[in-house]
Amino acid sequence: MKLIIDGNLTISGAGKITVNSNASLEIFVAGDVTIGGNGIQNLTHDPRKLTIFCTSGSTTDSVQYTSAADFYGAIYSENKPIDIRQNANFYGALLSGQYVRFSTNATAPNFHYDTSLRNTRFSNIATPYIINQLTEP
């Protein structure tokens, strides 16, 4: 399934998006992204089956992950930084044209980069995103 959101994507409170074990989800968001609440549950546990593309041209604010729920997927943000604000397990990729930051309560998140994403092609994306710099604390 593909979702195209012309405004903001906000998951909060008890909210959650579920990707069933035989499904995939691509989300294109033109505005701000805040993944809080119970996050996005990817029952496939395959990061290639959940991708979020923040297409906003703005460099203000950030893509925010405020949920403690595990994340299996990829977040691509061409212009906004990605701000991880809770401890969670991340399986996949977090890619930003600015930077990825671990702040607030994210004192010990676990991140597992999925190397299979290096060669994954996504629909409607002409040029794949790539990592050109990786900095570990």
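Predicted model: local features only at pLDDT ≥ 70, side-chain atom pairs only at ≥ 80, totals over all residues.
Colleague: Which strands stand at the edges of the open sheet?
Modeller: The open sheet is formed by 6 strands with parallel pairing, in the order 1-4-7-9-11-13. From one strand to the next, the twist averages 25°. Each edge strand has a single partner, so one of its sides is left without a neighbour in the sheet; these are strand 1 (2-5) and strand 13 (110-113).

Colleague: Which residue in strand 7 stands opposite Val29?
Modeller: Strand 4 (residues 25-29) pairs with strand 7 (residues 50-54) in the parallel sense, over 5 bridges. In strand 7, the residue opposite Val29 is Cys54.

Colleague: Which residues have the most contacts inside the largest nonpolar core?
Modeller: This core has 22 residues. Not counting residues up to four places away in sequence, Ile75 touches Ile35, Ile52, Val63, Ile82, Ala93, Leu94 and Leu95. The residues with the most contacts inside the core are Ile35 and Ile75.

Colleague: What percentage of the residues in the protein is buried?
Modeller: Buried here means under 20% relative accessible area. The accessible surface of the protein comes to about 7,500 Å², with 45% belonging to carbon and sulfur atoms. Of the 137 residues, the buried share is 37%.

How values were computed
Residues numbered from 1 in each chain as written. Heavy atoms only, no water. Pairing = 2+ DSSP bridges. Helix = DSSP H or I, 4+ residues; strand = E, 2+ residues; numbered from the N terminus. Axes fitted to C-alpha atoms, helices over the stretch in contact; angles between N-to-C directions. Core = buried A, V, L, I, M, F, W, Y, C linked by side-chain atoms within 4.5 Å. Buried < 20%, exposed > 50% of the residue type's maximum accessible area, 1.4 Å probe, protein only. Contact = heavy atoms within 4.5 Å. Areas by Shrake-Rupley, 256 points an atom, 1.4 Å probe, with all protein chains shown as cover.
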